Amino acid sequence: MSELQAGWSYALAAQQDAASERVAYLFLFDTLSGGAGYATQAGQHMEELLRETQVVLDDCPDQCEQSCYRCLRTYQNRIQHAGLDRKLAGV
C-alpha cells in the first residue's frame, strides 16, 4: 500500500545521571494529498499491529535465517537487505 508510509529515526536521549541512551522514533504518514486517514487508523490499532509484527519477527512464515520478503524485506528497503535481521528487530 503506497498510500501509507513509515519511517524511523533515532536520537540520544539525555538522562538525569548525565548518561544517554538511544531512542528510536517510528512514524507513519499518509502520502495522499490531504491525507486519507490511514495513519490515524493505524495509530488507533498500534498495540495490535505491534503484537502481530512481533509474531512475524519471532516466527517468520518462511523460517528465514535473517530476513526475507515475508517478514522484513520490501523493494523499497532493498539497499538495507544485507543489514536486516528479524531476530534483532523484535523485542
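This report describes the fold, surface and side-chain contacts of one protein chain.

The structure is a predicted model, in which local features need pLDDT of at least 70 and side-chain atom pairs count only at pLDDT 80 or more, while totals for chains, interfaces and linings use all residues. Residues are numbered from 1 along each chain as its sequence is written, and side-chain values use heavy atoms, with hydrogens and water left out.

## Overall fold

The protein chain holds three helices and two strands. Helices (H or I, at least four residues) and strands (E, at least two) are DSSP runs, numbered from the N terminus. In sequence order the pattern reads β-β-α-α-α. Of the 91 residues, 16% count as buried. Here buried means under 20% relative accessible area, exposed means over 50%, and partly exposed lies in between (1.4 Å probe, protein chains only).

The accessible surface of the protein chain is about 7,400 Å², and carbon and sulfur atoms account for 52% of that surface. Accessible areas come from the Shrake-Rupley method with a 1.4 Å probe; for residues, only the protein chains shown count as cover. Among contacts between residues at least 6 apart in sequence, 24% join residues at least 24 apart. A contact means heavy atoms within 4.5 Å.

Strand E1 covers residues 4-14 and includes Tyr 10. At 47% relative accessibility, Tyr 10 counts as partly exposed, whereas Trp 8, at 61%, counts as exposed. A search of the whole structure finds two aromatic pairs. In one of them, the rings of Trp 8 and Tyr 10 have centres 6.3 Å apart and planes at 15°, so the pair is stacked. Rings of Phe, Tyr and Trp (its six-membered ring) pair if their centres lie within 6.5 Å; planes under 30 degrees apart count as stacked, over 60 as edge-to-face and the rest as tilted.

Asp 30 lies in strand E2 (residues 20-30) and is partly exposed, with a relative accessible area of 22%. Not counting residues up to four places away in sequence, Asp 30 touches Glu 3, Leu 4, Gly 35, Ala 36, Gly 37, Tyr 38 and Ala 39.

Ala 42 belongs to helix H1 (residues 38-44). With a relative accessible area of 12%, Ala 42 is buried. Leaving aside neighbours within four places in sequence, Ala 42 is in contact with Leu 28 and Leu 49. Gln 54 is placed in helix H2 and is also buried, with a relative accessible area of 19%.

| Pair | Separation in sequence | C-alpha to C-alpha distance |
|---|---|---|
| Asp 30 and Thr 40 | 10 residues | 8.7 Å |
| Ala 42 and Leu 4 | 38 residues | 9.4 Å |
| Gln 54 and Arg 86 | 32 residues | 9.3 Å |

The structure has two salt bridges, a salt bridge being a side-chain nitrogen of Lys or Arg within 4 Å of a carboxyl oxygen of Asp or Glu. One joins the side chains of Arg 70 and Asp 62 at 3.2 Å, N to O. Asp 62 is partly exposed, at 45% relative accessibility.

The side chains of Lys 87 and Glu 65 also meet in a salt bridge, at 3.5 Å, N to O. Lys 87 lies in helix H3 (residues 86-89) and Glu 65 in the loop between helix H2 (46-58) and H3, so the pair ties together parts that are 22 residues apart in sequence. Both Lys 87 and Glu 65 are exposed.

Gln 63 lies in the loop between H2 and H3. Its phi is near 50°, a positive value in a residue other than glycine. Most residues other than glycine have a negative phi.

Arg 78 lies over the face of Tyr 75, at 3.9 Å from the ring centre. A charge sits over a ring if NZ of Lys or CZ of Arg is within 6 Å of the ring centre and within 35 degrees of the ring normal.
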